[in-house]
Amino acid sequence: MADEQIEELVVGLEKSEQKFIWVLRDVDRGDIFSTDDGRRTQLPEGYEERVKKFGMVVWDWAPQVEILDHPSTGGFMMLG
């Protein structure tokens with residue numbers, strides 16, 4: 001996901017105040033043909049604190065099947 005797309009998603013999730021779980025795994029940024037320096041995705045300073053009442057950012061592995069199977073899950077978006 002391009003940095004510009006992440007920025008738009010960050011703004012949209014925060015402004016919507018809709019409940020969310022966002023899994024950001026560095027391994028997902030991997031591309032053996034890329035010249036990317038492997039940097040970690042950067043969120044705006046204080047973002048996780050601002051959204052903690054309605055959102056959660058997970059920086060590693062998350063139990064996808066259990067999350068998708070939960071009756072409160074209303075949507076799913078996967079980018080790759």
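Analyst: Start with helix 1, residues 3–16, in this predicted model. Its 14 residues reach 20 Å from the first C-alpha to the last, close to the 20 Å expected at 1.5 Å a residue.

User: Which residues of helix 1 are buried?

Analyst: The general idea comes first. An α-helix has 3.6 residues a turn, so residues three or four places apart point the same way. In helix 1, the buried residues are Ile 6, Leu 9, Val 10 and Leu 13. They lie on the same side of helix 1 because they cover an arc of only 105° around the axis.

User: What covers the buried residues of helix 1?

Analyst: The cover includes strand 1 (20–23) and helix 2 (47–51).

User: Which exposed residues does the face turned away from the buried side carry?

Analyst: On that face of helix 1 are Glu 4, Glu 7, Glu 8 and Lys 15, with exposed meaning over 50% relative accessible area.

User: What follows helix 1?

Analyst: Glu 17 follows helix 1, and its phi is positive, near 55°.

User: How do the elements of the chain run from the N terminus on?

Analyst: The order is α-β-α-β-α, which comes to three helices and two strands.

User: What can be said of burial and contacts over the chain?

Analyst: Of the 80 residues, 20% count as buried. Among contacts between residues at least 6 apart in sequence, 62% join residues at least 24 apart. The chain exposes about 6700 Å², and carbon and sulfur atoms supply 52% of that area.

Note on methods: Residues numbered from 1 in each chain as written. Predicted model: local features only at pLDDT ≥ 70, side-chain atom pairs only at ≥ 80, totals over all residues. Heavy atoms only, no water. Helix = DSSP H or I, 4+ residues; strand = E, 2+ residues; numbered from the N terminus. Expected span 1.5 Å × (residues − 1). Buried < 20%, exposed > 50% of the residue type's maximum accessible area, 1.4 Å probe, protein only. Arc of directions from axis to C-beta. Contact = heavy atoms within 4.5 Å. Areas by Shrake-Rupley, 256 points an atom, 1.4 Å probe, with all protein chains shown as cover.
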